[in-house]
Amino acid sequence: MQLTRIPGLLFGGDYNPEQWPEEVWAQDAKLMAEAGVNIATVAVFSWSRLEPRPGAYDFGWLDRVLDLLHEHGIAADLATATATPPPWLIREHPHVRPVDANGTLLDFGSRQGYCPSSPVFRAATARLARVMAQRYGQHPALAMWHISNEYADHTLECFCDESARHFRTWLADRYASIDGLDAAWGTSCWGQHYTAFDQVNPPRKAPGPINPTQLLDWRRFCSDALLECFEVERAILREVTPDVPVTTNFMSILPGLDYWKWAAAEDLVSDDAYPDPADPTSHVGAALSYDLMRSLKDRPWLLLEQAPSAVSWRAVNVPKPAGMMRLHSLQALAHGADGVMFFQWRQAVYGPEKFHSALLPHAGVRSRGWQDTLRLGKDLEKLAEIAGTRTAADVALVLDWDSWWGLAAPESMPSARLDLKDLLAAWYAPLHARGIAVDLVSPDHDLTGRRLVIAPNLYLCTAEQAARLAAFDGHLIVGPFSGVVDTADHVHPGGAPGPLRELLGVSVDEFRPIPDGATETVRHADASTSTVRRWTEWLAVDDASVLARYRGGDLDGQAAITRRGRVTYLGCLLDDVSPVLSDVLTRAGVHPVADVPPGVEACRRDGADAHYLFLLNHGTTAASVTLREPGRDLLTGRDLRDRVEIGPRDAVVLRIAQEGEK
Amino acid sequence: MQLTRIPGLLFGGDYNPEQWPEEVWAQDAKLMAEAGVNIATVAVFSWSRLEPRPGAYDFGWLDRVLDLLHEHGIAADLATATATPPPWLIREHPHVRPVDANGTLLDFGSRQGYCPSSPVFRAATARLARVMAQRYGQHPALAMWHISNEYADHTLECFCDESARHFRTWLADRYASIDGLDAAWGTSCWGQHYTAFDQVNPPRKAPGPINPTQLLDWRRFCSDALLECFEVERAILREVTPDVPVTTNFMSILPGLDYWKWAAAEDLVSDDAYPDPADPTSHVGAALSYDLMRSLKDRPWLLLEQAPSAVSWRAVNVPKPAGMMRLHSLQALAHGADGVMFFQWRQAVYGPEKFHSALLPHAGVRSRGWQDTLRLGKDLEKLAEIAGTRTAADVALVLDWDSWWGLAAPESMPSARLDLKDLLAAWYAPLHARGIAVDLVSPDHDLTGRRLVIAPNLYLCTAEQAARLAAFDGHLIVGPFSGVVDTADHVHPGGAPGPLRELLGVSVDEFRPIPDGATETVRHADASTSTVRRWTEWLAVDDASVLARYRGGDLDGQAAITRRGRVTYLGCLLDDVSPVLSDVLTRAGVHPVADVPPGVEACRRDGADAHYLFLLNHGTTAASVTLREPGRDLLTGRDLRDRVEIGPRDAVVLRIAQEGEK
Amino acid sequence: MQLTRIPGLLFGGDYNPEQWPEEVWAQDAKLMAEAGVNIATVAVFSWSRLEPRPGAYDFGWLDRVLDLLHEHGIAADLATATATPPPWLIREHPHVRPVDANGTLLDFGSRQGYCPSSPVFRAATARLARVMAQRYGQHPALAMWHISNEYADHTLECFCDESARHFRTWLADRYASIDGLDAAWGTSCWGQHYTAFDQVNPPRKAPGPINPTQLLDWRRFCSDALLECFEVERAILREVTPDVPVTTNFMSILPGLDYWKWAAAEDLVSDDAYPDPADPTSHVGAALSYDLMRSLKDRPWLLLEQAPSAVSWRAVNVPKPAGMMRLHSLQALAHGADGVMFFQWRQAVYGPEKFHSALLPHAGVRSRGWQDTLRLGKDLEKLAEIAGTRTAADVALVLDWDSWWGLAAPESMPSARLDLKDLLAAWYAPLHARGIAVDLVSPDHDLTGRRLVIAPNLYLCTAEQAARLAAFDGHLIVGPFSGVVDTADHVHPGGAPGPLRELLGVSVDEFRPIPDGATETVRHADASTSTVRRWTEWLAVDDASVLARYRGGDLDGQAAITRRGRVTYLGCLLDDVSPVLSDVLTRAGVHPVADVPPGVEACRRDGADAHYLFLLNHGTTAASVTLREPGRDLLTGRDLRDRVEIGPRDAVVLRIAQEGEK
């Protein structure tokens, strides 16, 4: 299955022709064609230009842009243009604007200035989406629809009265009666017993810590409310243009939106990724996000935005060193992307993103950046055949937004130092370093066929989820502070690990967070030791073997890591999980896709009659990799076998024919 | 005099039966009895359950709870349930809610969400207090009344229009005329001359620094406004149940409320104390708070809340290591408490405090925590005879809220690095380490009979207070930046030390705060040196001997510490006050209650025919203490003499018969 | 030309008699006369006392104050008293108060609590200014008018609806049509296309980053709006008292107000300077501000406020060590001031500034501070002849508020680590250390006759400004990130250095900010190296010689510093610009006014028949200076030649007769 009707890999970027005089457009189209660009994202922020007055449209310029693109063989990722409501809508309906937790009505002047629950806003987006679909649904340039932009980047939540009404409706749907809400929210604590839904508000600023179940439901509601905004438009697009795929650009792994739920509402998953070039390990975090994007629908996805070089919104915006733009583009493909797009085509000369890099920089075609653009275009042509190929992973990491949100409750957790993304990364990084393919899964997914499932944290864990894990017949690793609460954030009877108690064979007597900067030591069966930070637990071992015990300190001699059958439990946060991971990988029979030295990333994609081995050297010195099988490097055309030398920030993409695989 | 009608020491905790199905209650009562619990704090946050609709009461469940407790020999510290106004009151009267300095009306969702000046809120609490008193005043379980909860924890101040009206009334009472206010507030500065009270507002957010006398009066008003809330309920309870003692739980030493004034309005002083287990010196700060609690009414007090192990509101909530819960409980008794209570009995499974430890943890009776509970119950029975015994202290530390508030004025002081609690602790810690008993006193107290009075700071010092100090015939130590202003925060004529000038025999030419991280050195008469941080003064010595002079720097050779007669003045903040303290203690003839090695705390309580020596080893290794007199350890029943070995985090409570004392 | 009608140098301070009983006034006048004070700033915050009720005036006390001063030979710098609107105006017209970006209406309680755009406020100040001018315009004490106080100290901006209307008017004047605004603001970016001015608001809090041109215009507007407040009063004063000079006290070099524009509206420039005594280099920053003050009108200026010792608004207010008050006073004269005044005469005993030092401290005439006051008075008499003398500088530093504001745009620049004041100081400090006289210039100034012009940064640079620099025939140094945008904050075609491209002979391929804490190295032609922090650029050298190249790192071998003719360009921020500066100073033939060792500052003033050499030893040990010419030290009356020894924090002011100059 292809992402769009465009053959091969997608290459392009955001294109904002309305920022330029029309004479520049022809030059743009010519240069795009020269660079091999085959898709452009258009009209993301064009509402105020397309509909300058209520119901009065100005489509002429966009007609000409789309025609021009089409003439040059460039398709359009066409936005519904609803990312920023226009000034006239804001001024006629001031309450379209969002309100913060202090009650401040935020003003126009930035972007994404809407209340997600505003009926006026939703109706206006619906009207525009329908007009756009009707006008451009049959345009030959149209390859896909792009709804809004980076939902939740600036506006994840609104605390206005309209949002309060909407929240109450959402709560009434969830709990049926106010008694149901009182039970779920535990309003007997701190005297919060409600007697009617209209007494309930969003978690606006209050004198002290707010009810954590109210906060958890608010997080759920905010994700849902924005998803409804998406669905309002999607329904119209499906109705008018049923054959055109629809997406919205995600923002990599981020806490605001439950992307499992969101991805189900999309035709294709697309992502915006901005790893920091100043961080030498940022490609590892990017890999985790990319694996999530692929896993969301278990199929190829689209890197819809990345920066050719520097961004403009960090305090210090370091540009990408030579080779990194190409290498990071290949990395996205290695993790299952079928296209590489950028923010943006031509560098802006005004506005908040004028110093954000672009495929065509301020310095124009004489710039080094433009040479990078041309080179990447050629590379992508060489890799066209990987489009549509898939990735298989024996290992799955569990990611659950309910647990993420629950962990993040302010002022009421054993430790505020637990962020689910960090906990995932602690397992992902050593898997990545070993060249092992990883999928992300929800705790509600079918795990059948996996060799190893790792749940770094399942703070919120239902009986159904626990039963699914118990039924899983592969190896399982569970991290600390799991099985603590149910969907209402109520502690399970008897405390942690709640419904996982029998599966793990341990009970938690007491959570023991560690002060910032302090450490504990655990000693493994082989007498080696590991350092623990942030978290320990006093475990009671009911029916498990002990793999490691604390040494010294108040916990001296107590169990730190245990195993029952194929299930390993860590009651602590290791600085480095490798000792545990290596052991379990061996037991589970998980193998890397290639044997790689430090700094080299290895990924595999499987086609019908060949597979593809990506070897990406993120280091600043050359690296040597031993090849298991011979193949042809698609980037250079060389036939390689036995061993390949890969230059700094260079890569090899080996095509290995199916017969070579046995 | 006993705290309540319950014989011996009190043992128990907050009990929130409304959070549990009724079948759990019987189990609770049985376990309480098993543990030796004799008192439970009930109904603190029950308003929304007891009065679910205006004037409609549901007392059935509380009736059953109190009956059940009584059947099991457990008394009730019964709350008037007014700590959190119910949702219906908030929604019917939105201005019951507090408003912050920015004008944001805070919303429901936490606790303590009331404006202290709200007539609606006060009337509603009065109504509920009366109904509670009438219904339960004769209940056999009732041992004491508990009004509200931790006043000022979240809501110390409200900036709403009602509060503004109330503030104006308070000011009119204080100053009689607007001219009086103008004079006191120094409105000639910065052009703030008022011509009518209705021009005056609370110190809401302003463009720059706010008039410091306005701020000082605001602090006084806020303490008074909450005290009025307390008194509204207390008056009703006294009327309906004149024989039942009334308290509200203080929050250890804290700047918000003038506890001298508050304690006078109570029948018994009770305190909530949460020393951080991650801080190895937190027991010293706790000791200071406990000595304050005892001093407030100069009689036994009640530790109404502490945590059995971890709390839940810190960023990282470290649990108590083995032995600390018992040791800290004994420490409270050593400092004059007649009971040890906890938050809370049964660990919550929902809400913001579900990870706060409890006497009965999530893991239930199989937990280590439950064993600690049982052990402490037994220990308290053994110590029953200390109930009602008293403490005498030759040394008094002066604590004055006016000075605390004055010192804390933002953006207008010589240094923002002076907090009165820190200044007190700098003297308290070495006294505590020496095993010397200390009382806290107000500068308005009678000092007769003290051997040594230490005023770490008297920034605000009236002529009357100065005269009292001058008339005192013991030894006196006065810390820097004292005698600076009068009650209106006006600098005394001629500058510091103002009314203390003759007593001290020095004048301050200039305050000389030290930059953060920098130090000065002073050289004592014996040629030893001390390090100075944060503060120095250029002193003119009028009539005093110089005990120490600065060495090096701009102040080289200038007087740093002086003495006139029995009065020692420090014009600087020493890193370690021990050289000065040791000298004065010797001169004053002050002796420790026992000779203790580092880490061992020694306290004494005096009974009618015996006294009791508490030796508390806060260290993590055993300590050996030489005994002056033989006695019997109440905890073990051993007869001890000459020397006793005390294990890590263990304690001895020696009963020493009166005849053995001379 | 003299600053005022007072002969010689001005000496005095703020005097607030309304804070004291009338019997103190006579003592004040006597002591002022004794100290040689010849001017007092009066009535700055007196509005609420002079007009206690709308239109009802109480001038009696001020009449008596002015008469008393005059009787003692003391002139008045008479304020129009409009710095703080009185409570009655605030309460009758609540919207006189300013509103912050969150919409909070700030309350009374501090000072400067007005909306700069408020017609009510402006009318009230106009009324008071007229009454003051009419009443005191002929008073013999009146020497100058002092409008308001430290504009923009607390209130630089207001976001209220009135300010919004005013902003729109300002924008309509600037852009004529909404299309003009749309073009300038680049509203095609992020969908901000306006169709009417009434859709436009101040940059109130928004969901994300705000349009940077909107922010730049807001900065311009805020400076202009306050300037209009000044001009409302000035126009009246000019009308009623055309011969009395008018000033307002600036706040040293600060970003809020475009002082080039402001100074043009004044008769004389006056400044408030508060270098931090805790910072041993603070005199260098003060020197930069003083050179700016002199340059603003290219004539003598007045130090209207400094602190005799400590201030009261820092977190830690360190007093001045012995000698610093005198030395810093002489420093102002050295940089062209014709008077030295202080905040304030008599130390307040109440209010937010009661711990701010004064000429007459709390401790009175027995204080050391009072001795300093007397000494300075005598010194100023000895220096009377320098009044009116001028300063010539071969070197000019370019300072442009548009660039400052542009650089400071939040969340949209390559680096948030570039502040124009820091960039200026990096060049000013080594010039100052060398004893080289420096003027500040605007990029719109005539540069004719300068030997060297240094533009540390010209982020915003118009074609006209570039042409002026190109036409300049002296030596020019341009710092990095220059020539980037035009007046609308639009990037010049082809990117930086835009209109400076031909002049510099380089193009910027990419900006390369450096992460915090990281460094790069550049190697000069003589093989010496310099360290680079915060900023580098990838330069394309079009037509220039390369003076230094990067060594190591991604930029290895690339040009870092270039020269084309007399124009040197730095594409990076050197830790120490000395290697470049020394080279260019030699080429340009710039010489110091004296050869001074480290810590000694040298400045020169030129009179009709003599010049004056100030040698100021800021060090804490004695310094020896070789004299080029003999002269007489005005402070001691000694005749000096060849060499002079200057004690720590001491100074010499040499009168060198004209004939000695050749």
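This report covers a sheet in chain B and the interface of chains A and C.

The model is predicted: local features need pLDDT of at least 70, side-chain atom pairs count only at pLDDT 80 or more, and totals for chains, interfaces and linings use all residues. Residues are numbered from 1 along each chain, chains are lettered from A in the order in which they are written, and side-chain values use heavy atoms, without hydrogens and water.

**The sheet in chain B**

In chain B, 9 strands (DSSP runs of E, at least two residues) form an open, mixed sheet in the order E11-E10-E12-E13-E20-E19-E18-E15-E16. Strands E11 (438-441) and E16 (529-532) are at the edges with a single partner strand each, so one side of each has no neighbour in the sheet. Strands E18 (residues 545-550) and E19 (residues 559-564) of chain B pair in the antiparallel sense over 4 bridges; pairing requires at least two bridges found by DSSP. Across this pair, B:Arg549 is opposite B:Ala559.

**The interface of chains A and C**

Contact (heavy atoms within 4.5 Å) links 49 residues of chain A with 55 residues of chain C. Buried area is the accessible area (1.4 Å probe) lost by two parts on being put together, summed over both; here 56% of it is on carbon and sulfur atoms.

| Item, chain A and chain C | Value |
|---|---|
| Buried area | about 4,400 Å² |
| Salt bridges | 6 salt bridges |

A salt bridge has a side-chain nitrogen of Lys or Arg within 4 Å of a carboxyl oxygen of Asp or Glu. One joins C:Arg204 and A:Asp107 (3.6 Å, N to O).
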